[in-house]
Amino acid sequence: MSARRTSTAQGADTSVVQQTVGADPYFPANGDPRYRVHRYELALDYRPGPNRLSGTARLNAIAGRSPLAEFQLNLADFRIGRVRVDGRAQHYTHRGGRLRIRPAKPIRAGAAFTVEIHWSGNPKPVRSPWGGIGWEELEDGALVASQPVGAPSWYPCNDRPADKASYQIAVTTPSAYSVVAGGRLLTRTPKASTTTWVYEQAAPTSSYLVGLSIGKYQTVLLGDPGLGGVPQSGHIPARLLTEFSRDFARQPAMMTLFEELFGPYPFGEYAVVVTEEELDVPVEAQGLSLFGANHVDGGRGSERLVAHELAHQWFGNSVSIADWRHIWLNEGFAKYAEWLWSERSGGRSAQTLAGLAHRGLAGKPQDLRLADPGRKLMFDDRLYERGGLVLHAVRCALGDEAFFRMLRGWVTVHRGGAVTTAAFVAHVARYAAEPLDELFAAWVFEGALPALPSPGVGIPERPSYPPHRG
């Protein structure tokens, strides 16, 4: 989660999410399912001292199956300078975080259209059940931590996880600051006292996963990617360089392992930012993860979180969720990746870690259903642990060979898309020798905690590292 500072098991495969589905049941005010955006171009100017942001957004969008007499974007409390659709000024209202636009003529069903918006003001987190989320002004800079509904705190967007688009982000800020965003740095252009940084994220990206950090960082490379490897960089305060070098030293090995287990890294590059301030938890973004200074201790005290955030690039970012009811597909997979890293790098086995998680859950309330936890429990620690246990139960049922083929197939088939719990159940069934309906009913669709699964045939007691591709 992005906070900072201290059905039935036999459901059909619905992995191809239609943009005409209804509003997100957990956040019905966010997003508009009547259209989809396929590209955002954002040009931002940010002044850290007064915390002043002005921006222009150009959205390339496509109407859904019905004509659009009006549509909405999500944007927090900024001053709107202009709104244009296909180059023409339009009538709009902006209240309660919703920018409602009424074109002079309805947009035809299936038609492409462009929206241009200029906005300015002092960005701040938007309110949520977990406190303020989104744009955070730091003591010297800013960062974005948007999960689940914080993206409108800094740019206008169709804020729903299934509406994925490519992004180009240009940020102009005083030259003393570095700008880090998810994606490839295209240009960095100094001019007088400011510098403009332009990033391109070509892969389909959910609005909450658009990451941005502005601060005084030193940049280092993590490992040598070699030909065809994944460039990995760290952006950290100079005072933390020594500790960072130890704490993140094994991230390249994690990348190697996860590519073996899950398939090729889904993006062009991966960056890690460490802020000067403390964060409650690290934050994943597409091609980027944000850590607090408290996650860097020189003793690898947060290494499991390094693995967790990296794993989100496959599970949650490339393969996204159709709506927030399916959040366990993000967090359970990332949790199990922690256990796999431990197992494959000489630490405790996944079975041992599953046993510890199971004992912890046994003493807690049994009122959480993974398939639809409700908004109140969607970031509950039990969801992470139980989600990891689901993956372990599936692994025990399938055996290693089929299990890892299943994981690689899941990532490959749904790369760049949005999925549901029912889609995962259907996918696993293709790799199982016998039905797993009871397994999923017990672990995913019911609240009571099942017994700890025991490893079946085909799961070695101590897997080797690195693994061999199956």
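Hi everyone, let's begin with an open sheet of eight strands, whose order is E5-E4-E8-E2-E1-E11-E14-E13, with mixed pairing. Strands here (E, at least two residues) and helices (H or I, at least four) are DSSP runs, numbered from the N terminus, and two strands pair if DSSP finds at least two bridges between them. At the edges are strand E5 (88-89) and strand E13 (184-191), each pairing on one side only.

A quick word on the model: it is predicted, so local features need pLDDT of at least 70 and side-chain atom pairs count only at pLDDT 80 or more, while totals for chains, interfaces and linings use all residues. Residues are numbered from 1 along each chain as its sequence is written, and side-chain values use heavy atoms, leaving out hydrogens and water.

Back to E13. Seven bridges join E13 to strand E14 (residues 194-205), and the two run antiparallel.

On to the helices. How do H5 and H6 cross? The axes of H5 (residues 350-362) and H6 (residues 381-398) come within 10 Å and cross at roughly 135°. Axes are lines fitted to C-alpha atoms, for helices over the stretch in contact, with angles from 0 to 180 degrees between N-to-C directions. H5 and H6 are therefore oblique to each other: under 35 degrees counts as roughly parallel, over 145 as roughly antiparallel, 65 to 115 as roughly perpendicular, and the rest as oblique.

Residues in contact (heavy atoms within 4.5 Å) include Ala354 and Leu361 of H5 and Leu389 and Arg395 of H6.

Finally, the rings. A search of the whole structure finds 30 aromatic pairs. In one, the ring centres of Trp130 and Phe379 are 5.2 Å apart and the planes are at 80°, so the pair is edge-to-face. Rings of Phe, Tyr and Trp (its six-membered ring) pair if their centres lie within 6.5 Å; planes under 30 degrees apart count as stacked, over 60 as edge-to-face and the rest as tilted. Trp130 sits in the loop between E8 and E9, and Phe379 in the loop between H5 and H6, 249 residues apart.
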